[in-house]
Amino acid sequence: MPIDAISQTTNPSTATVAGTGLSGDLNTFLKLFTVQLQNQDPTNPLDTNEMTSQLAQFSTVEQQARTNQGIEKLIAAQQQTQLSTAVSYLNREVETEGNTGTLSAGQATFSYFLPESAQSAQVTITNAAGRAVFNGQGSLDKGRNLVVWDGTNSFNGDDEPNGKYTITVKAKNAAGNDMDVDTRAVGIVTGVESSKEGKILLSVGDVEVPFDEILAVRDPVIVDLGTGNAS
């Protein structure tokens, strides 16, 4: 569903249909009950307790239907708010959990977090078949480190095709011990859509990322993989 079509919903919601049906059922019940009262046997009047019980059941169900309608309206309003926010992400850099990114137009971007400054940080990028296409030294700084790969195979100098690639970072601290490294996928948002299920999706390369999985939003930054310098 395109961005400008999210609010063009013509089908009534389940709660609205239920509420309309209940309203009709209640009116029919009251009409039948009135006719029954008018034609009841004076020697054997209707049980008012049973009538009261049925009216109470109708009231309870009708309240629930109205509550559901209110919830649906709140959800729709939240989706509109999310969509408006997501549109502001267009052409900006976003981060999501994971280690898979997309090589497109000669660039694939990843990031990783180090809990402390490292003695070494070996960066390996593999293709969809699991074959290593890049291996090199990454930045050693504590915190967030950005990796931008131009698609060049570091083993034979060939240009790798566009597609999905995976990054692995093995780091050691000053004592030579292995460090926990948190990797993330990084990409530029090129589109925003609403799925049939009502979820807001961002197009990042050829990957659709749910809006609620975005961990960070930034202006695009270019980093040289060999030096780790940002520009």
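User: How many helices and how many strands does the protein have?

Analyst: This is a predicted model, in which local features need pLDDT of at least 70, side-chain atom pairs count only at pLDDT 80 or more, and totals for chains, interfaces and linings use all residues. Residues are numbered from 1 along each chain as its sequence is written, and side-chain values use heavy atoms, with hydrogens and water left out. Helices (H or I, at least four residues) and strands (E, at least two) are DSSP runs numbered from the N terminus, and their order is α-α-β-β-β-β-β-β-β-β-β-β-β. The protein has two helices and 11 strands.

User: Which residues do salt bridges that share partners join into one network?

Analyst: R184 also meets D182 in a salt bridge (3.7 Å, N to O). D182 is partly exposed at 37% relative accessible area, whereas R184 is buried at 17%. Through shared partners, salt bridges form one network of E93, E95, R144, D182, R184 and R218.

User: Is D178, which forms a salt bridge with K172, buried or exposed?

Analyst: The side chains of D178 and K172 meet at 2.6 Å, N to O. K172 has a relative accessible area of 33% and is partly exposed. D178 reaches 63% relative accessibility and therefore counts as exposed.

User: Which side chain does a polar contact of 2.8 Å join to that of E160?

Analyst: E160 is found in the loop between β6 (143–149) and β7 (163–172), and at 12% relative accessibility E160 counts as buried. Beyond four places in sequence, E160 touches L103, R131, V133, W149, G151, N153 and Y165, where contact means heavy atoms within 4.5 Å. A polar contact is a pair of N or O atoms within 3.5 Å; within protein, one must be able to donate a hydrogen and the other to accept it, and residues adjacent in sequence count only if both atoms are side-chain atoms. The side chain joined to E160 at 2.8 Å is that of N153.

Notes
A salt bridge is a side-chain nitrogen of Lys or Arg within 4 Å of a carboxyl oxygen of Asp or Glu. Buried means under 20% relative accessible area, exposed over 50%, partly exposed in between (1.4 Å probe, protein chains only).
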